[in-house]
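Open the model in your viewer and keep the selection panel at hand. The stops below say what to select next and what is there.

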Amino acid sequence: MSSLLVTGAGGYIGSVLTRMLLEHGDSVTAVDRFFFGRQTLPPDDGRLRVIEGDIRTLQQAELRGIDAVIDLAALSNDPAGELESEKTWAINHAGRVRIATLAKQAGVPRYILPSSCSVYGFQEGLLDERSPVNPLTTYAKANRQAEGDTLALADAGFCVVVLRQATVYGLSPRMRFDLAINGMVRGLFKQGKIPLLRDGTQWRPFVHVRDTARAMMLMLEARPERVNAQIFNVGSDDQNCQIMPLAKTVAEAMGIRFDYEWYGLPDHRSYRVSFQKVREAVGFHPACSPSDGAREVYEALRSGAVDPDDPRTITVGWYKHLIETSRPRVLL
Ligand SMILES: NC(=O)c1ccc[n+]([C@@H]2O[C@H](COP(=O)([O-])OP(=O)(O)OC[C@H]3O[C@@H](n4cnc5c(N)ncnc54)[C@H](O)[C@@H]3O)[C@@H](O)[C@H]2O)c1
């Protein structure tokens, strides 16, 4: 049993990870601004302690006695990252480097930075952790800078691991329909059509939300000498998908006739990624496929467990709303 501090614990990945850690028997200190509401996490109890706070101001005392930090807090996708780009840098880069620095000073032995495969941007061929990066957006650039600056803190007493996650899908208490597979399922559910980002030939790797949380848990248990100061892509080789064939798979999984409508300008992000390293280092194999994820999201919509029109499920739209309605307008 470990004592873990998770930032962004109320988010899409964090709310799933926090539950899995509690089920595993760990204690969790959950730190979040709760931009998407406090209801995404269970109530405090003996093993869950919730701090409604900001990673830019969190007190070092909160890190004493912690065995590992998983630093998920961020403005979490490309469009949200462009809303107020200086805030994206202040949170996604400086905020997380601050948490890593405080953790090291407080004697926390392990720090995990959940980054993103979006740092690869547009590139041909199969990319691995040694490939050059090509971050195209503020979000991807801030992630890349956070990778470098947190890895620089690694030493024999402070194990730092960077996880470049594929695009995540599946059900979470903080549901996101601005993620490709989840958005496809919502489109089919609402309009019988999949919204497809032009031109459908772009490649993207995918991973289920419980699988990426499991990869983080494997990294908590891995021997430091096996993982310290390293970057790992998190996903699986067979979940590198082109968007148009993926949409067909999603429709088939739900037994719904495939129909689609285009949106947006042609997407310049396209990358295929190798996941050999994480497989070999910690034996990570995803348990879920895009079809599994599509079916579980569809079932949650069908049963009414998830509201397809909840405005909080579209990250950039919700941040815009919070900025416009907060008084004074300094929410972020
Ligand atoms: N979902 C994906 O497909 C995906 C893919 C690759 C990487 N990631 C990375 O994983 C992390 C989590 O993503 P997510 O999908 O769970 O996003 P999310 O938006 O659902 O969660 C982020 C959480 O961080 C909180 N937060 C934001 N700024 C904060 C601050 N200054 N202090 C404290 N809390 C703050 C928000 O309230 C939210 O609960 C992000 O770093 C993201 O870049 C996500």
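Select α1 (12-24) and helix α6 (residues 209-221), whose axes come within 9 Å and cross at roughly 55°. Axes here are lines fitted to C-alpha atoms, for helices over the stretch in contact, and angles run from 0 to 180 degrees between N-to-C directions. Helices (H or I, at least four residues) and strands (E, at least two) are DSSP runs, numbered from the N terminus. α1 and α6 are therefore oblique to each other; angles under 35 degrees count as roughly parallel, over 145 as roughly antiparallel, 65 to 115 as roughly perpendicular and the rest as oblique. The crossing of α1 with α6 is right-handed. A crossing is left-handed if the near helix is turned anticlockwise from the far one by less than a right angle, and right-handed if clockwise.

Now show the side chains at this contact: Y12, I13, V16, L17, M20 and H24 from α1, and V209, R210, T212, A213, M216 and M217 from α6. Two residues are in contact if their C-beta atoms, placed from the backbone, lie within 7 Å. By class, 9 of these residues are nonpolar, 2 polar and 1 charged. Ala, Val, Leu, Ile, Met, Phe, Trp, Tyr, Cys and Pro count as nonpolar, Asp, Glu, Lys and Arg as charged, and the others, Gly among them, as polar.

Before moving on, note that this is a predicted model: local features need pLDDT of at least 70, side-chain atom pairs count only at pLDDT 80 or more, and totals for chains, interfaces and linings use all residues. Residues are numbered from 1 along each chain as its sequence is written.

Next, select the ligand and its surroundings. Which residues are closest to the ligand? They are G8, G11, Y12, A74 and S76, in a shell of 32 residues; a residue counts as near a molecule or strand if its C-beta atom, placed from the backbone, lies within 6 Å of it. Colour the shell by class to find 15 nonpolar, 11 polar and 6 charged residues. α1 supplies the largest share, 3 residues. Elements that each give at least two residues also include β2 (27-32), α3 (85-105), β5 (110-116) and β8 (167-169).

Go to helix α5 (residues 180-191), which packs against helix α8 (residues 243-253) at about 50°, with the axes 10 Å apart. The crossing of α5 and α8 is right-handed. To see the contact, select A180, I181, M184, V185 and L188 of α5 together with I243, A247, V250 and A251 of α8. The residues of this contact are 9 nonpolar, with no polar and no charged ones.

On the α5 side the contact uses I181, N182, V185, R186 and F189, and on the α10 side P290, G293, A294, V297, Y298 and L301. These divide into 8 nonpolar, 2 polar and 1 charged.

A cis peptide bond joins R198 and D199, with omega about 0°; D199 lies in the loop between β9 (194-197) and β10 (203-208). In the loop between β2 and β3 (48-52), select F34, a residue other than glycine with a positive phi, near 55°.
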